[in-house]
Amino acid sequence: MVDFRYHLVSLISVFIALALGVVLGAGPLQTPIASGLTNQVEQLRELQTKKTEEVEASREEITKRNDWIHDITEQLLPGTLENHSVALITFDETRGEDIDAIRQYLELAGATVNQRVTVDPKWYSMDLMQFRRSLSGPIADNLTNQQTTETAPEAILAHGLLEVITTDSESSSFLREMFTDSDNALVSFDTDPAVSDTIVIIGGPTATDLTDDEEVEPAPEPTEGTDEVDTQMITQLAAVMALAPHSAVVVGDASAENGLVSLIRSDAVEVTTVDSAGTAMANSATVLALPTAEAKSRAFGYASSAQEHLPTLP
(Lines give C-alpha, C1' and ligand atoms only; values in the text may rest on other atoms or scores of the structure.)
Protein backbone atom coordinates (compact mmCIF):
# COMPACT_ATOMS: atom_id res chain seq x y z
CA MET A 1 0.00 0.00 0.00
CA VAL A 2 1.04 3.61 -0.63
CA ASP A 3 1.63 5.25 2.76
CA PHE A 4 1.16 8.83 3.94
CA ARG A 5 4.81 9.78 3.23
CA TYR A 6 4.33 9.15 -0.52
CA HIS A 7 1.37 11.56 -0.68
CA LEU A 8 3.28 14.14 1.36
CA VAL A 9 6.29 14.04 -0.98
CA SER A 10 3.98 14.36 -4.00
CA LEU A 11 2.26 17.44 -2.58
CA ILE A 12 5.56 19.07 -1.68
CA SER A 13 6.82 18.46 -5.25
CA VAL A 14 3.74 20.12 -6.69
CA PHE A 15 4.10 23.21 -4.51
CA ILE A 16 7.83 23.48 -5.30
CA ALA A 17 7.05 23.34 -9.04
CA LEU A 18 4.40 26.04 -8.68
CA ALA A 19 6.77 28.21 -6.69
CA LEU A 20 9.51 27.86 -9.28
CA GLY A 21 7.04 28.74 -12.03
CA VAL A 22 5.94 31.89 -10.23
CA VAL A 23 9.51 32.95 -9.51
CA LEU A 24 10.75 32.34 -13.05
CA GLY A 25 7.65 33.91 -14.60
CA ALA A 26 7.95 37.03 -12.49
CA GLY A 27 11.70 37.22 -12.91
CA PRO A 28 14.05 35.98 -15.64
CA LEU A 29 11.31 34.67 -18.00
CA GLN A 30 8.91 37.60 -17.62
CA THR A 31 10.43 39.75 -20.38
CA PRO A 32 10.79 36.97 -23.06
CA ILE A 33 7.24 35.71 -22.44
CA ALA A 34 5.71 39.20 -22.51
CA SER A 35 7.76 40.14 -25.57
CA GLY A 36 6.71 36.98 -27.41
CA LEU A 37 3.03 37.56 -26.66
CA THR A 38 3.28 41.21 -27.72
CA ASN A 39 4.88 40.24 -31.02
CA GLN A 40 2.15 37.69 -31.69
CA VAL A 41 -0.57 40.26 -30.98
CA GLU A 42 1.10 42.77 -33.30
CA GLN A 43 1.37 40.16 -36.06
CA LEU A 44 -2.31 39.30 -35.70
CA ARG A 45 -3.25 42.98 -35.84
CA GLU A 46 -1.20 43.48 -38.99
CA LEU A 47 -2.77 40.39 -40.58
CA GLN A 48 -6.27 41.58 -39.68
CA THR A 49 -5.55 45.04 -41.11
CA LYS A 50 -4.22 43.50 -44.31
CA LYS A 51 -7.26 41.24 -44.71
CA THR A 52 -9.63 44.15 -44.05
CA GLU A 53 -7.88 46.21 -46.73
CA GLU A 54 -8.12 43.28 -49.18
CA VAL A 55 -11.85 42.88 -48.52
CA GLU A 56 -12.44 46.62 -49.01
CA ALA A 57 -10.42 46.56 -52.23
CA SER A 58 -12.51 43.61 -53.50
CA ARG A 59 -15.72 45.44 -52.65
CA GLU A 60 -14.57 48.53 -54.50
CA GLU A 61 -13.58 46.40 -57.49
CA ILE A 62 -17.00 44.70 -57.54
CA THR A 63 -18.76 48.07 -57.26
CA LYS A 64 -16.71 49.49 -60.15
CA ARG A 65 -17.36 46.38 -62.25
CA ASN A 66 -21.10 46.55 -61.62
CA ASP A 67 -21.11 50.27 -62.44
CA TRP A 68 -19.25 49.56 -65.68
CA ILE A 69 -21.70 46.81 -66.63
CA HIS A 70 -24.64 49.08 -65.80
CA ASP A 71 -23.19 51.88 -67.97
CA ILE A 72 -22.75 49.46 -70.88
CA THR A 73 -26.28 48.06 -70.54
CA GLU A 74 -27.70 51.59 -70.51
CA GLN A 75 -26.32 51.89 -74.04
CA LEU A 76 -27.16 48.36 -75.23
CA LEU A 77 -30.58 47.61 -73.74
CA PRO A 78 -32.89 50.51 -74.66
CA GLY A 79 -35.33 49.44 -77.36
CA THR A 80 -34.40 45.73 -77.34
CA LEU A 81 -37.75 44.74 -75.76
CA GLU A 82 -39.92 47.57 -77.04
CA ASN A 83 -43.68 46.76 -77.09
CA HIS A 84 -43.27 43.56 -75.06
CA SER A 85 -45.32 42.79 -71.94
CA VAL A 86 -43.47 40.72 -69.37
CA ALA A 87 -44.78 38.51 -66.59
CA LEU A 88 -42.44 37.81 -63.67
CA ILE A 89 -42.79 34.39 -62.05
CA THR A 90 -41.31 34.27 -58.56
CA PHE A 91 -41.25 31.98 -55.54
CA ASP A 92 -41.32 32.45 -51.79
CA GLU A 93 -37.53 31.96 -51.88
CA THR A 94 -36.96 34.70 -54.48
CA ARG A 95 -35.20 37.75 -53.04
CA GLY A 96 -36.99 41.08 -53.36
CA GLU A 97 -33.83 42.87 -54.49
CA ASP A 98 -33.42 40.41 -57.38
CA ILE A 99 -36.99 41.08 -58.51
CA ASP A 100 -36.49 44.85 -58.36
CA ALA A 101 -33.21 44.67 -60.30
CA ILE A 102 -34.64 42.48 -63.08
CA ARG A 103 -37.67 44.75 -63.36
CA GLN A 104 -35.40 47.80 -63.66
CA TYR A 105 -33.37 46.22 -66.48
CA LEU A 106 -36.51 45.07 -68.32
CA GLU A 107 -37.99 48.55 -68.19
CA LEU A 108 -34.68 49.99 -69.37
CA ALA A 109 -34.99 47.72 -72.42
CA GLY A 110 -38.44 49.17 -73.14
CA ALA A 111 -40.54 46.29 -71.83
CA THR A 112 -43.61 46.66 -69.63
CA VAL A 113 -43.79 44.40 -66.58
CA ASN A 114 -47.56 44.03 -66.34
CA GLN A 115 -47.96 41.17 -63.88
CA ARG A 116 -46.17 39.15 -61.25
CA VAL A 117 -47.09 35.57 -60.47
CA THR A 118 -45.95 34.10 -57.15
CA VAL A 119 -45.75 30.31 -57.13
CA ASP A 120 -46.89 28.94 -53.78
CA PRO A 121 -44.96 26.00 -52.23
CA LYS A 122 -48.17 24.00 -52.74
CA TRP A 123 -47.28 23.98 -56.45
CA TYR A 124 -44.31 21.66 -55.83
CA SER A 125 -44.85 20.22 -52.34
CA MET A 126 -44.95 16.43 -52.23
CA ASP A 127 -47.69 16.72 -49.58
CA LEU A 128 -50.15 17.94 -52.24
CA MET A 129 -49.22 15.61 -55.07
CA GLN A 130 -52.60 13.86 -54.99
CA PHE A 131 -54.45 17.18 -54.91
CA ARG A 132 -52.60 18.41 -57.99
CA ARG A 133 -53.34 15.18 -59.83
CA SER A 134 -57.05 15.52 -59.11
CA LEU A 135 -56.95 19.20 -60.19
CA SER A 136 -55.24 18.37 -63.49
CA GLY A 137 -58.44 16.82 -64.86
CA PRO A 138 -60.60 19.98 -64.64
CA ILE A 139 -57.61 22.06 -65.81
CA ALA A 140 -57.19 19.87 -68.92
CA ASP A 141 -60.91 20.14 -69.69
CA ASN A 142 -60.66 23.93 -69.86
CA LEU A 143 -57.43 24.29 -71.83
CA THR A 144 -57.80 25.75 -75.30
CA ASN A 145 -54.62 24.03 -76.54
CA GLN A 146 -56.32 20.63 -76.24
CA GLN A 147 -54.14 19.03 -73.59
CA THR A 148 -55.57 15.64 -72.60
CA THR A 149 -55.77 13.77 -69.34
CA GLU A 150 -53.11 11.43 -70.76
CA THR A 151 -50.57 14.24 -70.46
CA ALA A 152 -48.60 14.30 -67.19
CA PRO A 153 -50.33 16.34 -64.46
CA GLU A 154 -47.22 18.51 -64.12
CA ALA A 155 -47.43 19.57 -67.77
CA ILE A 156 -51.21 20.11 -67.63
CA LEU A 157 -50.92 22.48 -64.66
CA ALA A 158 -48.05 24.36 -66.32
CA HIS A 159 -50.01 24.73 -69.57
CA GLY A 160 -52.97 26.00 -67.57
CA LEU A 161 -50.84 28.66 -65.91
CA LEU A 162 -49.31 29.62 -69.25
CA GLU A 163 -52.79 30.16 -70.66
CA VAL A 164 -53.75 32.35 -67.69
CA ILE A 165 -50.63 34.49 -68.14
CA THR A 166 -50.72 34.85 -71.94
CA THR A 167 -54.40 34.95 -72.92
CA ASP A 168 -57.58 36.82 -72.04
CA SER A 169 -60.63 34.61 -72.43
CA GLU A 170 -63.46 33.04 -70.49
CA SER A 171 -61.40 29.87 -70.26
CA SER A 172 -58.32 31.60 -68.84
CA SER A 173 -60.49 33.41 -66.28
CA PHE A 174 -61.92 30.09 -65.08
CA LEU A 175 -58.44 28.56 -64.93
CA ARG A 176 -57.23 31.52 -62.89
CA GLU A 177 -60.01 30.93 -60.37
CA MET A 178 -59.01 27.29 -59.99
CA PHE A 179 -55.35 28.17 -59.46
CA THR A 180 -56.13 30.85 -56.86
CA ASP A 181 -58.81 28.99 -54.90
CA SER A 182 -58.48 30.19 -51.32
CA ASP A 183 -58.42 26.69 -49.82
CA ASN A 184 -55.44 25.41 -51.82
CA ALA A 185 -54.13 28.30 -53.93
CA LEU A 186 -51.21 27.16 -56.07
CA VAL A 187 -50.30 30.66 -57.28
CA SER A 188 -51.15 34.30 -56.56
CA PHE A 189 -51.24 37.37 -58.82
CA ASP A 190 -50.36 40.95 -57.91
CA THR A 191 -52.71 42.50 -60.50
CA ASP A 192 -56.03 41.97 -62.22
CA PRO A 193 -55.92 39.63 -65.23
CA ALA A 194 -53.33 40.76 -67.77
CA VAL A 195 -51.85 39.38 -70.98
CA SER A 196 -48.07 38.95 -71.27
CA ASP A 197 -46.08 37.71 -74.25
CA THR A 198 -42.77 37.27 -72.42
CA ILE A 199 -41.97 35.49 -69.15
CA VAL A 200 -39.02 35.74 -66.75
CA ILE A 201 -38.77 33.17 -63.94
CA ILE A 202 -36.65 34.42 -61.04
CA GLY A 203 -35.13 32.25 -58.32
CA GLY A 204 -36.75 29.00 -57.26
CA PRO A 205 -36.81 26.42 -54.48
CA THR A 206 -34.00 24.02 -53.71
CA ALA A 207 -35.02 20.38 -53.75
CA THR A 208 -34.01 18.72 -50.48
CA ASP A 209 -34.87 15.31 -51.92
CA LEU A 210 -34.99 14.37 -55.60
CA THR A 211 -38.40 12.97 -56.44
CA ASP A 212 -38.27 12.57 -60.22
CA ASP A 213 -39.91 9.40 -61.47
CA GLU A 214 -36.51 8.35 -62.85
CA GLU A 215 -34.97 8.63 -59.40
CA VAL A 216 -37.71 6.94 -57.39
CA GLU A 217 -39.78 4.08 -58.81
CA PRO A 218 -42.54 4.02 -57.82
CA ALA A 219 -42.94 7.49 -56.29
CA PRO A 220 -43.36 7.10 -52.52
CA GLU A 221 -46.46 8.33 -50.79
CA PRO A 222 -45.54 11.59 -49.03
CA THR A 223 -46.04 12.02 -45.32
CA GLU A 224 -47.48 15.02 -43.53
CA GLY A 225 -45.15 17.95 -43.04
CA THR A 226 -42.31 16.89 -45.36
CA ASP A 227 -40.09 19.45 -47.10
CA GLU A 228 -39.67 17.32 -50.21
CA VAL A 229 -39.87 19.11 -53.54
CA ASP A 230 -41.52 17.54 -56.57
CA THR A 231 -38.85 18.60 -59.05
CA GLN A 232 -41.00 17.64 -62.04
CA MET A 233 -43.44 20.38 -61.08
CA ILE A 234 -40.82 23.13 -61.30
CA THR A 235 -38.86 21.85 -64.31
CA GLN A 236 -42.09 21.32 -66.27
CA LEU A 237 -43.15 24.83 -65.29
CA ALA A 238 -39.96 26.22 -66.85
CA ALA A 239 -40.27 24.06 -69.97
CA VAL A 240 -43.86 25.10 -70.67
CA MET A 241 -43.20 28.80 -70.01
CA ALA A 242 -40.67 28.65 -72.87
CA LEU A 243 -43.71 28.22 -75.15
CA ALA A 244 -44.91 31.75 -74.40
CA PRO A 245 -45.39 33.94 -77.52
CA HIS A 246 -42.02 35.60 -76.95
CA SER A 247 -40.54 32.70 -74.96
CA ALA A 248 -39.04 32.83 -71.46
CA VAL A 249 -35.80 33.00 -69.48
CA VAL A 250 -35.05 31.48 -66.09
CA VAL A 251 -32.55 33.35 -63.90
CA GLY A 252 -31.32 31.91 -60.63
CA ASP A 253 -28.44 30.50 -58.62
CA ALA A 254 -26.63 27.49 -60.05
CA SER A 255 -24.40 26.92 -57.02
CA ALA A 256 -26.96 24.63 -55.37
CA GLU A 257 -26.96 21.19 -57.00
CA ASN A 258 -30.72 20.82 -56.61
CA GLY A 259 -31.64 24.44 -57.29
CA LEU A 260 -34.00 25.27 -60.15
CA VAL A 261 -31.31 26.39 -62.64
CA SER A 262 -29.13 23.36 -61.89
CA LEU A 263 -32.07 20.98 -62.28
CA ILE A 264 -33.08 22.54 -65.59
CA ARG A 265 -29.56 22.25 -66.97
CA SER A 266 -28.93 18.73 -65.74
CA ASP A 267 -32.25 17.57 -67.25
CA ALA A 268 -31.58 19.48 -70.52
CA VAL A 269 -34.94 21.23 -70.24
CA GLU A 270 -35.53 23.29 -73.38
CA VAL A 271 -35.50 26.79 -71.92
CA THR A 272 -32.89 29.54 -71.61
CA THR A 273 -31.22 29.84 -68.18
CA VAL A 274 -28.97 32.49 -66.64
CA ASP A 275 -27.01 31.84 -63.45
CA SER A 276 -25.35 34.17 -60.88
CA ALA A 277 -28.68 35.79 -59.94
CA GLY A 278 -28.38 39.07 -58.08
CA THR A 279 -25.41 40.37 -60.08
CA ALA A 280 -25.39 43.05 -62.75
CA MET A 281 -24.05 40.42 -65.16
CA ALA A 282 -27.05 38.14 -64.62
CA ASN A 283 -29.55 41.00 -64.83
CA SER A 284 -28.17 42.22 -68.15
CA ALA A 285 -27.74 38.69 -69.55
CA THR A 286 -31.38 37.90 -68.73
CA VAL A 287 -32.63 40.86 -70.75
CA LEU A 288 -30.12 40.31 -73.57
CA ALA A 289 -31.21 36.67 -73.87
CA LEU A 290 -34.91 37.45 -74.31
CA PRO A 291 -34.90 38.81 -77.91
CA THR A 292 -33.45 35.53 -79.20
CA ALA A 293 -35.01 33.18 -76.64
CA GLU A 294 -36.97 30.15 -77.84
CA ALA A 295 -37.77 26.67 -76.61
CA LYS A 296 -34.15 25.52 -76.70
CA SER A 297 -31.70 24.56 -73.98
CA ARG A 298 -29.33 27.52 -73.61
CA ALA A 299 -27.23 28.29 -70.52
CA PHE A 300 -25.55 31.62 -69.86
CA GLY A 301 -23.44 32.70 -66.90
CA TYR A 302 -20.30 31.75 -65.04
CA ALA A 303 -21.22 28.46 -63.39
CA SER A 304 -19.51 25.31 -64.65
CA SER A 305 -22.80 24.24 -66.25
CA ALA A 306 -23.02 27.39 -68.42
CA GLN A 307 -22.42 27.15 -72.15
CA GLU A 308 -21.52 30.81 -72.72
CA HIS A 309 -20.95 33.89 -70.59
CA LEU A 310 -23.27 36.21 -72.47
CA PRO A 311 -25.93 36.04 -75.19
CA THR A 312 -25.24 37.62 -78.55
CA LEU A 313 -25.14 41.37 -78.12
CA PRO A 314 -27.62 43.44 -80.14
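Author: Ser-276 is found in the loop between β6 (272-274) and α9 (280-289); helices (H or I, at least four residues) and strands (E, at least two) are DSSP runs, numbered from the N terminus. The model is a predicted one, in which local features need pLDDT of at least 70 and side-chain atom pairs count only at pLDDT 80 or more, whereas totals for chains, interfaces and linings use all residues. Residues are numbered from 1 along each chain as its sequence is written, and side-chain values use heavy atoms, with hydrogens and water left out.

Although Ser-276 is not a glycine, its phi is positive, at about 65 degrees. As a rule, most residues other than glycine have a negative phi. With 24% relative accessibility, Ser-276 counts as partly exposed; buried means under 20% relative accessible area, exposed over 50%, and partly exposed in between (1.4 Å probe, protein chains only).

Ser-247 is buried, however, with a relative accessible area of 3%.

Strand β6 contains Thr-273, which counts as buried at 1% relative accessibility. Apart from residues up to four places away in sequence, Thr-273 touches Val-250, Val-261, Ile-264, Arg-265, Arg-298, Ala-299 and Phe-300, where contact means heavy atoms within 4.5 Å. Thr-273 and Thr-286 are 13 residues apart along the chain, and their C-alpha atoms are separated by 8.1 Å.

The chain as a whole gives the setting. It has nine helices and seven strands, and buried residues make up 41% of its 314 residues. Of the contacts with a separation of 6 or more, 72% are between residues 24 or more positions apart.

Helix α5 shows how such elements are packed. This helix has 14 residues and reaches 20 Å from its first C-alpha to its last, close to the 20 Å expected at 1.5 Å a residue; the expected span is 1.5 Å times one less than the number of residues. Since 13 of the 14 residues of α5 are buried, the helix is largely enclosed by the rest of the structure.

Leaving aside neighbours within four places in sequence, Ile-165 is in contact with Ala-87, Ile-89, Gln-115, Val-117, Ala-194, Val-195, Ser-196, Ile-199 and Met-241. Gln-115 lies 50 residues from Ile-165 in sequence, and 8.4 Å from it in space, C-alpha to C-alpha.

Helix α4 (residues 129-141) and α5 (residues 153-166) have axes 9 Å apart, at an angle of about 50 degrees. Axes are lines fitted to C-alpha atoms, for helices over the stretch in contact, and angles run from 0 to 180 degrees between N-to-C directions. The two helices are therefore oblique to each other: angles under 35 degrees count as roughly parallel, over 145 as roughly antiparallel, 65 to 115 as roughly perpendicular and the rest as oblique. The crossing of α4 past α5 is left-handed; a crossing is so named if the near helix is turned anticlockwise from the far one by less than a right angle, and right-handed if clockwise. Among the residues that make this contact are Leu-135 and Ile-139 of α4, and Ile-156 and Leu-157 of α5.

Helix α6 (residues 170-179) has an axis that comes within 8 Å of that of α5, and the two cross at roughly 120 degrees. That angle makes α5 oblique to α6. α5 passes α6 in a left-handed crossing, with contacts that include Leu-157, Gly-160 and Leu-161 of α5 and Leu-175 and Phe-179 of α6.

Helix α7 (residues 231-241) packs with α5 at an angle of about 45 degrees, and their axes are 9 Å apart. The residues in contact include Leu-161, Leu-162 and Ile-165 of α5, and Leu-237, Val-240 and Met-241 of α7.
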